[in-house]
Amino acid sequence: MMNDHRRLGRDLGIFGTDPLIGAGLPYLPPAGAALRKAVEDYVHELERRNGYQHVSSPVLGKRELYERSGHWAHYAEDMFPPMTVGGEEFVLRPSLCPHHAIIYRSRQRSHRDLPLRLAELGGMYRAELSGVLGGLNRVRAIQLNDGHVFCPPEQAAAEVSAALDLIETAHARLGVGQVRYRLSLRGEGGKYVDDPALWARSEAVLREVLRERGRDHDEAPGEGAFYGPKIDIQITDPAGRESTLSTVQVDLYQPGRFELDYTGPSGGPLRPVMVHRSVVGGLERLLAHLVEVHGGAFPAWLAPVQAVVLPLSDAERPAAEALLRRCLAAGLRAELAPADRGSLGARIRAHRLVPYQLVVGPREAASGGASVRLRDGGQAGEVPVEQLAARSRPFA
């Protein structure tokens, strides 16, 4: 496959691996880190505009936390073993939801405070076997775009639908490929919480939302979370391989385990529903998908390098360096490709994936501008740097 991210991602400097760090633990060089930061900033702002408050929580917790959440009983085989420190056992977290439940219960909540929407980009860890690891799609350390909405039961369907709105908006902006919807249900065995009434109530909410939105979907017994059903948004890569990217879940289990409540209109305690949602899922899998879908030719707002400044000769280098400083000050991710790196044509080819190529000849040096060449070979003339920066923002 020509655009397999395992090859192209390395060629573009998006990610790398090293046996000294360990299998399933990729690192991001500057280009990959810039791509990730662009996604992170976009999703953070999208969430903020839709009523989310951002939080930050540790990447590990006491074993007791995950016993309380149910992960230890139902999910331990996917968790790293505990570490003993000072006579206490700590675990790398397999999920962010227990931490967010703790944040919710850190103060008394009223029905007037709800829905409370919390979001975080945080690390989580899975003890994947070496045989299933591959590139950025299956890793042991995941940077998860996660979020949890705490709301009264009667608001759960509306919050699930709003989460799907966010997911569909983000997918369209990112250029995520073909998707389908899957209703993931519980299966047999001890992996799942044994409470049929709880599952039925949660499933009813998700089915109602899918029906009202007119979303065709498949059902997948055995693919639900251990605590409840979920809507999985399945993506397909250019080779036709399918994976789960985003998800929305209705959780009636953990609010009880953590004894979460809020004061109702009558003054008595009531239990909230916990809606889990991930707009773009784990960033590693998303980056792999974006590399393959765009083939490295990312939209301007996502591109690791948005503009390259190309002086025609050494004589224009001072003007090109001044232009580079203006690009950086305007917020563009830009770099200089000086004349000592080859002919203008060779430098243009070397930066063929950069959205804006700013050529500085004698006339442009005198005016303080640049002739803007587009990635597709088109000419845009002399476009002010501030205008290029405005075009390169995700909410432009």
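**A chat about this chain**

Trainee: Starting with R207: what is its relative accessible area?

Mentor: R207 has a relative accessible area of 27%, so it counts as partly exposed. Keep in mind that this is a predicted model.

Trainee: Which side chain does R207 meet in a salt bridge?

Mentor: That of E219, at 2.4 Å from N to O. The pair links distant parts of the chain. R207 sits in helix α7 (residues 196-213), while E219 sits in strand β8 (residues 217-221). The two are 12 residues apart.

Trainee: And E219, how does that one count?

Mentor: E219 is partly exposed too, at 42% relative accessibility. There is also a network here: D165, E168, R213 and R215 are joined by salt bridges that share partners.

Trainee: How many salt bridges does the count come to?

Mentor: 28. Side chains of opposite charge can pair when their charged atoms come close.

Trainee: Which residue does D4 meet in a salt bridge?

Mentor: R6, with N and O 2.7 Å apart. D4 is buried, with a relative accessible area of 11%. R6 is partly exposed, at 42%.

Trainee: What about E45? Which side chain does it meet?

Mentor: R48, again in a salt bridge, at 2.7 Å from N to O. Both residues belong to helix α2 (residues 30-49). They are three residues apart, so about one helical turn separates them. R48 is partly exposed, with a relative accessible area of 46%.

Trainee: Why does that spacing matter in a helix?

Mentor: An α-helix has 3.6 residues a turn, so residues three or four places apart point the same way.

Trainee: Let's zoom out. How many helices and strands are in the protein chain?

Mentor: 13 helices and 18 strands. The C-alpha trace spans about 75 × 50 × 45 Å along its principal axes.

Trainee: What share of the residues counts as buried?

Mentor: 48% of the 396 residues. For the surface, the chain exposes about 17,600 Å², and carbon and sulfur atoms supply 51% of that.

Trainee: What about contacts between residues at least 6 apart in sequence?

Mentor: Among those, 71% join residues at least 24 apart.

Trainee: On to the inside. Which residues touch the most other members of the largest nonpolar core?

Mentor: V39, V160, L174, I231, L286 and L302. That core has 76 residues. Helix α6 gives the most to this core, with nine residues. In soluble globular proteins, nonpolar side chains tend to be buried together.

Trainee: What does V39 touch?

Mentor: L174, L283, L286, L287, L290 and L302, leaving out residues up to four places away in sequence. There is a second, separate core as well, with 19 residues, including L323, C327, L358 and V383.

Trainee: Back to α6. How far apart are its end C-alpha atoms?

Mentor: 27 Å. The helix has 19 residues, 156-174, and at 1.5 Å a residue it should span 27 Å, so the two values agree. Its buried residues include V160, L164, I167 and L174. Just after α6, G175 takes a positive phi of about 80 degrees.

Trainee: And α9, how many of its residues are buried?

Mentor: 10 of 12, so α9 is mostly covered under the 20% cut-off for buried. Among them are L283, L286, L287 and L290. Charged E284 and E292 are on that buried list too. The helix covers residues 283-294 and reaches 16 Å from its first C-alpha to its last, close to the 16 Å expected. G295 follows just after, with a positive phi of about 60 degrees.

Trainee: Which residue has a positive phi although it is not a glycine?

Mentor: E259, at about 55 degrees. Most residues other than glycine have a negative phi, and most peptide bonds are trans. E259 lies in the loop between α8 (254-257) and β11 (262-263). It is exposed, with a relative accessible area of 59%.

Trainee: Where is there a cis peptide bond?

Mentor: From L114 to P115, where omega is near 0 degrees. P115 is in the loop between α5 (97-104) and β5 (116-125).

Trainee: Last one. Which residues form a nonpolar patch on the surface?

Mentor: V59, L60, M83 and V85, with about 290 Å² of accessible area together. V85 lies in strand β3 (residues 83-85).

Methods
Residues are numbered from 1 along each chain as its sequence is written. This is a predicted model: local features need pLDDT of at least 70, side-chain atom pairs count only at pLDDT 80 or more; totals for chains, interfaces and linings use all residues. Side-chain values use heavy atoms; hydrogens and water are left out. Helices (H or I, at least four residues) and strands (E, at least two) are DSSP runs, numbered from the N terminus. The expected span of a helix is 1.5 Å times one less than its number of residues. Buried means under 20% relative accessible area, exposed over 50%, partly exposed in between (1.4 Å probe, protein chains only). A salt bridge is a side-chain nitrogen of Lys or Arg within 4 Å of a carboxyl oxygen of Asp or Glu. Patches are made of residues with over 30% relative accessible area and no salt bridge: like charges are joined within 9 Å, nonpolar side chains (Val, Leu, Ile, Met, Phe, Trp, Tyr) within 5 Å. Accessible areas come from the Shrake-Rupley method with a 1.4 Å probe; for residues, only the protein chains shown count as cover. A nonpolar core is a set of buried Ala, Val, Leu, Ile, Met, Phe, Trp, Tyr and Cys residues joined through side-chain atoms within 4.5 Å. Contact means heavy atoms within 4.5 Å.
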